[in-house]
4 protein chains.
Amino acid sequence: MPSRAFTSDNTAGASPQLVAAVAAAAQDHALPYGADPWTDHARERLGELFEREVDLLITSTGSAANALALAAMTPPWGSVLCHRDSHINNDECGAPEFYTAGAKLVTLGGDHAKIDPDQLAAAVRRKTGDVHSVQPSALSITQATETGSLYTVEEIAALASLAHDAGLGVHLDGARFANAVAALGCTPAEMTWRAGVDILSFGATKNGAMTADAIVIFNRDLTDQLRYRHKRAGQLASKMRFHAAQFAAYLDDDLWLSNAAHANQMSAVLRDQLAGLDHVQVQGRPEANIVFCKLPAPVIDGLREDGFRFYHDRWAPGVCRFVTSFQTQPDDIDDLTDRIHAHHPTTSHLQ
Amino acid sequence: MPSRAFTSDNTAGASPQLVAAVAAAAQDHALPYGADPWTDHARERLGELFEREVDLLITSTGSAANALALAAMTPPWGSVLCHRDSHINNDECGAPEFYTAGAKLVTLGGDHAKIDPDQLAAAVRRKTGDVHSVQPSALSITQATETGSLYTVEEIAALASLAHDAGLGVHLDGARFANAVAALGCTPAEMTWRAGVDILSFGATKNGAMTADAIVIFNRDLTDQLRYRHKRAGQLASKMRFHAAQFAAYLDDDLWLSNAAHANQMSAVLRDQLAGLDHVQVQGRPEANIVFCKLPAPVIDGLREDGFRFYHDRWAPGVCRFVTSFQTQPDDIDDLTDRIHAHHPTTSHLQ
Amino acid sequence: MPSRAFTSDNTAGASPQLVAAVAAAAQDHALPYGADPWTDHARERLGELFEREVDLLITSTGSAANALALAAMTPPWGSVLCHRDSHINNDECGAPEFYTAGAKLVTLGGDHAKIDPDQLAAAVRRKTGDVHSVQPSALSITQATETGSLYTVEEIAALASLAHDAGLGVHLDGARFANAVAALGCTPAEMTWRAGVDILSFGATKNGAMTADAIVIFNRDLTDQLRYRHKRAGQLASKMRFHAAQFAAYLDDDLWLSNAAHANQMSAVLRDQLAGLDHVQVQGRPEANIVFCKLPAPVIDGLREDGFRFYHDRWAPGVCRFVTSFQTQPDDIDDLTDRIHAHHPTTSHLQ
Amino acid sequence: MPSRAFTSDNTAGASPQLVAAVAAAAQDHALPYGADPWTDHARERLGELFEREVDLLITSTGSAANALALAAMTPPWGSVLCHRDSHINNDECGAPEFYTAGAKLVTLGGDHAKIDPDQLAAAVRRKTGDVHSVQPSALSITQATETGSLYTVEEIAALASLAHDAGLGVHLDGARFANAVAALGCTPAEMTWRAGVDILSFGATKNGAMTADAIVIFNRDLTDQLRYRHKRAGQLASKMRFHAAQFAAYLDDDLWLSNAAHANQMSAVLRDQLAGLDHVQVQGRPEANIVFCKLPAPVIDGLREDGFRFYHDRWAPGVCRFVTSFQTQPDDIDDLTDRIHAHHPTTSHLQ
């Protein structure tokens, strides 16, 4: 039976390659705390991928990766400039504030959950040097965004340039980094350090891994303090190999990219099918692996009774969000659009 | 070839049962953030084990479990009373201070890394109500201790009683909880809440798991705040099922106990063999899965050249620590004692 | 020569009564850390003023008073609901975030720097119980506001009721509390605990004191933790009597009220005179001791050349803010309006 | 009637010169937040005193000065090395832990409350680079110490050198700095930056001031961050002039030094008189303004009934501490020793 889970890509399981890697890693003794061959392999593979040496700290969640990255750039009296819809602002229960020892998230607007460059330009030097105000210290960009939209490489570079010119560090929240690379067709290097990114939260969990995200550090001056922060946060797993093995398998044979390309493709298919249905208004275009559309209330009710899982009515009445993943199959899409069609009172008549 | 890894039980791999559980959990969709059947199963199994309802939060490391537990009991102006040799004091880079927002660890002495009750009695009400001083807020007991020694159930109850009478909470750092239960032959309930423990850090990683430790909450008034702290710390994994599946497998069929009993047994065997060797002074008795002994320097050098891994010369010249695990085999022990024997200059002459 | 300082009421000196009180307190020995007669006297006088027993902690700044008050109500994973123009949000370099160990300030809008009740109603239960989000924990109201506007007692009670119904604490930032009481003609009790305020930051520095503000605690369950926070913050002065003597003198003979009434009266006079001038647009009405008006650019330039000090062009082009204090004299007002008149090119012609 | 207050130098009042300075500062308008002539004057006067340019931040308490200074040198994962009897370790309710966001105070021993150089040498590089441990980051020396003993300039330089060689910053807690300079006869420069001190907490409150201590920064790279920390801590008084005027008067005409010399002299007189009494054992020598002696229990009881205030029986049975201050008069000393004599059962017989 097809899967009816479209809530988020974090409801999917894990890729078989990762399962095999974890099973292999379980066999024998290895040095603890990241001094193991899997961690070395992941770091080397990242070096190839990003076309330069990088430093790597693996975390068990994306929240920890984001919060650590921001803490490395932002003193307690600093501020993080981010979109008002960003995950770090809304969905991490203040993890950045905790890890930075009380910095402030200063939120910016912009269409499609993307930071408006003019708003950023106005914010990066706001009250610089004025002790009465928190000091702009870091820019955090989410790519792909919370709505599945994408910044172009040029847009990232422009935002990063505004930030760097004012002395801020640049963080990229890449919980869906793979989906973005797959969608844009650029290289990982182009989207990150070549565009001015200092630290990347390289998400894997949403795209086939189990419990492994990574902090990829391009500005290696930040590495030393991050090693202590990482340990102190309870993120330095003694059997780090089990996180690292996931990451190694995720990077090998470009699984990260093929998984993401598949998820994106499923969203594209879904969108095409939805566009062919009466009474369905597709919203935006599915740049990554998220599709928004507007459905009549009876259709939403019907789908929920069928067991479909998805967010709806959170953004505007009738607006639904469907997220596809590496595990989504064409049958799952067909099943979904069949049922949307079936629940349509008027279109049913026409058949 | 036998394993020569005796540094710590965290260099071992993982039990096949956990690998199978993780593989099974990877197949299908599941709700994120702990709303999955594996987490439910682990909680229920813990309820049976502890003979009462408990609350459960799973973490990726024991450091996170300890620091969260202590933060739930200790305000920023509080102090945690602990042994000066405790892991939380020496080996977590200030994680308790981070999670508590700056509380103080007040260290106590006592033989064999066990807190001296008289020292605790003198400390629990030190400067209570005096705003110039941090306020005693939590007692943290490690069982089994960092040296492998054990508190009796009565000793834990006596310490906990001193703490509770003065209004402190009681935390048990059970990184090697299973080894302690296996060695003492008591029930998990007797060693914890029946003895006055409010929160247990239930370690699994060192005893067959990969990346899963747990906060088991007996004083359920502390649960609500811990849920927010856990999320905010970046410990609420979106695919929590992969931690939970480890824990569920660890608890099923009492794998936790049989793994620990095996590790303890290997230490007992090692001690018996060492006791029969000239020039080896066994120190203490192996109550759990750690053996200390004193070896001549040339023997230490020889073992290291052989590829054996173990700590030595950290406590006193010539003192070595060997840790056994669920993975240690009788052959590994024989190999170790054979080589000790072989490196002995005088005994070699005799052969 | 008249004073031309209208930047803020914190540029004024101190009332002679406070100077005399400090001089008297300097003579002899007294117990340290607030166990002195001046502190007792201030507490008792506050009890009379507020018609009930209160607890008192004196601080050296209003920022410390605000941050401590908020920390007593807001856990690290909590949020403080406040107006987006509030001092705690904009002008304290993150002091609330520091003292709360990383809570979040969630800002609300509303005309005249007053919180809109509908926005508050929508915010007080936002994501309650959802561990992914910070939890609404405290409401902070500023009275008089940063623009000199006032909440009525009924408005404060309505906001406080919304907050309390949702389980939040209520803080009143009263840096200009005296000006508000003087302007509204209500009693201190009516504006605070009878309206639902749990803790008041009772400002004195802006209204005749030197370096003394106070935390007045109505919800006395919060006192015990505040005593430790206050010490730990470096706010428990060893010679507390010198802060307390200021506060005692400030309260005796209702100096606090007469000073504020005078400052308010000077603003009313200023407004009346400005209203009589061509080319000057008075904005709002001076409810407390702040007057906003719009002046032509050449007039602003002329005033600055004359040595007048005031904020301008921060809210909108040409908008100026004049703040009067207990020290402002009628001559100062006449001088100001004379010079505004003199700098007016066209009106000069007409004369 | 003579004063019988010998508990601490913080029970004294304030010098008339400071009272006059505060009264003068109250007259007129001045720019807020330290942009006033008194603050400038204090900074310049410190420059002369220390024979070099320094940066200055004035605080309302010594605890705030200490905690801010340490926070400037110590990251959250750092440790502060200090004597186990130090004020920062025992008497500030964790202020250093609060301001540093959770650093650890690692305590050292040494006679007379002075840090033992060998213990420091063993601690400065303990586990450097090991992410499992907090990292030694700052050394805090108290001069004069909590027992009134003194480091020589050479001893300070030797400790500072050990610290600097290992990359640590050096803080001098000078709550009784003036007493130390007066006793040793060295220059302020010799005792501080020339000996390797990076930041000095320059105490004034205990020696004639009301509510003003200062952070004197020699390592001016630390100034920028301290300005934000100082504001964020609620220590940037809007009417800073009232703290600064105290400090300016304290420095003018070397009042700081003459006050301290007087207090020291009173301790010397007290010691000489005590040495002439039977049954009194003077302990150590009064290097600054603190005298320890051992008295029979009936004498202690008698003195307390007379209204004398002093600490006793905290260090060992019968051991008493008498602290003299700028306000102590020869008559106060005579009165004290007369009463000790009078309470002596055996000596009474002889009279």
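Four strands of chain C form an open sheet in the order β8-β9-β11-β10, with antiparallel pairing. Strands here are DSSP runs of E of at least two residues, helices are runs of H or I of at least four residues, and both are numbered from the N terminus; two strands pair if DSSP finds at least two bridges between them. β8 (281-283) and β10 (311-312) of chain C stand at the edges with a single partner strand each, so one side of each has no neighbour in the sheet. β10(C) pairs with β11 (residues 319-323) of chain C in the antiparallel sense over 2 bridges, and C:Tyr311 stands opposite C:Arg321 in β11(C).

Please note that this is a predicted model, in which local features need pLDDT of at least 70 and side-chain atom pairs count only at pLDDT 80 or more, while totals for chains, interfaces and linings use all residues. Residues are numbered from 1 along each chain as its sequence is written, chains are lettered from A and ligands numbered from 1 in the order in which they are written, and side-chain values use heavy atoms, with hydrogens and water left out.

I turn now to chain A. Is strand β5 (residues 169-174) of chain A largely enclosed or left open? Of its 6 residues, 6 are buried, so the rest of the structure largely encloses β5(A). Buried means under 20% relative accessible area, with a 1.4 Å probe and protein chains only. In a regular strand, side chains alternate between the two faces of the sheet. In β5(A), A:Gly169, A:His171 and A:Asp173 point one way, and A:Val170, A:Leu172 and A:Gly174 point the other way.

β5(A) pairs in the parallel sense with β4 (residues 135-142) of chain A over 5 bridges, and A:Leu139 stands opposite A:Val170. From β4(A) the chain crosses through helix α7 (residues 153-165) to β5(A) in a right-handed β-α-β crossover, that is, with the strands pointing away from the viewer, the path from the first strand over the helix to the second runs clockwise. Another 4 bridges join β5(A) to the parallel strand β6 (residues 199-202) of chain A, where A:Phe202 is the bridge partner of A:Gly174.

Finally, I consider chains B and D. Contact, meaning heavy atoms within 4.5 Å, involves 17 residues of chain B and 17 residues of chain D. The rule finds 4 salt bridges across this interface, each a side-chain nitrogen of Lys or Arg within 4 Å of a carboxyl oxygen of Asp or Glu. D:Lys127 forms a salt bridge with B:Asp91, their closest N and O atoms being 3.9 Å apart.

Key. Buried means under 20% relative accessible area, exposed over 50%, partly exposed in between (1.4 Å probe, protein chains only).
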